[in-house]
Amino acid sequence: MKISILSGKGGTGKTTLAVNMALSLKNVQLLDADVEEPDDYIFISPDIFDTEAESVLRLIPEVDDDLCTACKKCVDFCEYNTLAMMLDQVLVFPEICHSCGGCKIVCPENAITEIERELGKIYHAVSGEIDFWQGELNTGEEKSVPVIEKLKTKIDTDKKVIIDSPPGTTCPSVEAVADTDYSIVVTEPTPFGLHDMDMVIEMLQEIQQPFGVVINRSDENSDHLIENYCSENDINILLKIPFSREIAELYSDGTAFVKKMGSWKSKFQLLYYDIVREVNNNEKNNSN
Amino acid sequence: MKKITVISGKGGTGKTTFTANLVSLMDKVVIADCDVDAPNLHLLLKPENRNDEIYRGAKLAVKDEEKCIDCGICYDNCRFNAIRKSDFSVIDLKCEGCGVCAEVCPTDALKMEEIVTGNIYRAESKYGPMIHARLIPGADTSGKLVSEVKKIADEKAKEINADWIIVDGSPGIGCPVIASLNDADMALLVTEPTLTGFSDLRRVIEVIDHFNIEAGLIINKFDINEAISDRIEEYCRNENIELFARIPYSKKIVDSLQKGELFAANPGNEDLKEMMLQVVSKIKNNFKGE
Amino acid sequence: MKIIIPSSSDKGLEAEIDSKFGRASYFAVIDSENMSIEFVKNDSASQASGAGVGAAQLCADKGADVIIANDFGPKAFYALDSAGIEMYSISAEDSLNSAIKSLQSGSLTRVTVPTSRGKR
């Protein structure tokens, strides 16, 4: 079972849910795919940067000045302005290259080859029952999708897989959610939370992904904001994590709250098995 | 006219709530919501008389089925898996708009077209003109949309002879943040005393260092972890970043937010309003003598 | 000598300098011999990425000897520097006319490192 956790914007509680759920289950894999700001490690494996990382590589063009005739076709082709022709010499700006390979295709002199460049890193640690993997985008790089793709090759389907996805609704989020069995949208009961959740749900519906909602910082006076939306749109609310000063204080120090509030473990286990049941039911209905 | 950009590094620190309350206490202000990933400022400032403008932020491969001969060359050359193997159709969400498929297609069946990826709105709020934007889900954000929003805000500020442009910047440290900070006269950093908030703050300070602009610090929910708050304050003092406010973890702020209201405007919150007014005067002090 | 200045409009020498080099609306191409002026629309302004590089390419293609602007990002700086184009910085509130006068009077500072960091 592969479950992806996402939210409309950062800071709604995606990390809180991912790490606490992972810590409550056995034989579990946690993948931090929020590669621009990975922070699950703070709660799971604070020393992860001391371990050896695996590089994620991508291709960037290199121009052979002896073969180049300064025809400028590569510069004109590149949609991203990765190349410039200055004094009959091609300059390459690798950070903005999308690695599409187009410049190599259009070059009539075969003057362009592609070389590998590190885009990001994959870290690995084992902590208790958790097989933990983290993707990280190098500073200055912009394309997270290849890092997420590589991270997802580490998925072990014999385990319960939890993927902490990048916030938002852009390509990296779509990539993190792809091929997972179910998504959990984390939100909070404020007009902001409602607005951002609505955008994520629009994205999930477009890619026909099954999902449910978890309300973080739940408060009986305002949960109706999210509850009304969910009942109107026939969306399941899976769990509520209360607005609690204690949880916020534990988070601030890098402590997952299930470690201090042990009774929550069974709630996260129930959450997991509720999702398993829903996915199995959906499969049965689809095959009928 | 001075431009102030509010940034946070990490999402969810209260940046937008802070920005909304700040502008409500300033005069002759134009507001630009450059948090294009999660544009929320309008939910508190409730602008009206909106004018929509279509934003075309990306190119996409579009196929002419009549011309396609199913040769599959596009499929072989697309590095983004944006061509389906079954019928060689384009998967819009995966297309990066690079143009390789159009280049290699022997029958010109594929063309690159600029597509609508969002809207930019010019509107009027109670507190001043407001420019904001919304991207369609799945669209990639870029510095371009941020630049466009700021450009329109600049024009509006000149038109009404505004004293201030307040920019609600993007989270993170990527291209949209750089675009929100570029040409700012001052940055306000809103952070929270958590290990994750602190580590993201350090990265964002690296970014503002390179712009060489003045910055003020706002620690939100400071009493959640006073030890980390003190460390943040000290760190910023060494970076020559002045503390502008320590805002408490307060149910009153949450209550106002849940109702979509400004906490500084609500009765019983005079202490919080006073704190925000102090921020306003610290901003003004910073420009005294110019 | 050809001087290029990013401009927020195409309304002659009184036009204001555009504060963004890469995403300037126009470039004013001025021939200092006869003060003739041509405005070129900056297509890079509407591109999603690499606006600074694209704008630098446009200026090089137009045969710039000198560029006066408020801000040069690192990529634009590197590209223009590679083309041997001299860069000078000026405040964004100036008009094209006063920029040229300042250049001729020698009161502008030559830019020898990028003035802003650009992306990350």
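Two residues are in contact if their C-beta atoms, placed from the backbone, lie within 7 Å. I wrote this down before opening the structure, which is a predicted model.

**Entry 1: chains A and B**

I looked up which residues of chain A and chain B touch. The contact takes 45 residues from chain A and 40 residues from chain B. I then checked which helices of chain B take part. Helix 4 (100-104), helix 7 (195-211) and helix 9 (251-258) of chain B each give at least two residues to the side that touches chain A. I sorted that side of chain B by class and found 16 nonpolar, 16 polar and eight charged residues.

**Entry 2: chains A and C**

Next I turned to chain C. Here 14 residues of chain A are in contact with 16 residues of chain C. On the chain C side, helix 1 (51-61) and helix 2 (74-82) each supply at least two residues. Which helix of chain C gives the most to the side that touches chain A? I found that helix 1 of chain C does, with five residues. By class, this side of chain C has five nonpolar, eight polar and three charged residues.

**Entry 3: chain A as a whole**

I went through chain A by itself. I noted 10 helices and 11 strands in chain A. Its C-alpha trace spans about 70 × 45 × 40 Å along the principal axes. Of the 288 residues in chain A, 53% are buried. I also looked at contacts in chain A between residues at least 6 apart in sequence, and 75% of these join residues at least 24 apart.

**Entry 4: domains**

I looked up the domain assignment of chain A, which gives domain 1 (2-55 + 121-287) and domain 2 (65-110). The centres of these two domains of chain A, taken over C-alpha atoms, are 40 Å apart. For chain B the assignment gives domain 1 (2-46 + 126-286) and domain 2 (57-116). In chain B, 41 Å separate the C-alpha centres of domain 1 and domain 2.

**Entry 5: one residue, Glu246(A)**

Glu246(A) sits in helix 9 of chain A, which covers residues 245-252. Is Glu246(A) buried or exposed? I counted 11 other C-beta atoms within 10 Å of its own. A residue counts as exposed at 12 or fewer, so Glu246(A) is exposed. I also checked Glu246(A) against Phe257(A), which is 11 residues away along the chain. The C-alpha atoms of Glu246(A) and Phe257(A) are separated by 8.5 Å.

Note on methods:
Residues are numbered from 1 along each chain as its sequence is written. Chains are lettered from A and ligands numbered from 1 in the order in which they are written. This is a predicted model: local features need pLDDT of at least 70, side-chain atom pairs count only at pLDDT 80 or more; totals for chains, interfaces and linings use all residues. Helices (H or I, at least four residues) and strands (E, at least two) are DSSP runs, numbered from the N terminus. A residue is buried if 20 or more other C-beta atoms lie within 10 Å of its own, exposed if 12 or fewer, and partly exposed in between; C-beta atoms are placed from the backbone. Domain bounds come from an automatic or database domain assignment. Ala, Val, Leu, Ile, Met, Phe, Trp, Tyr, Cys and Pro count as nonpolar, Asp, Glu, Lys and Arg as charged, and the others, Gly among them, as polar.
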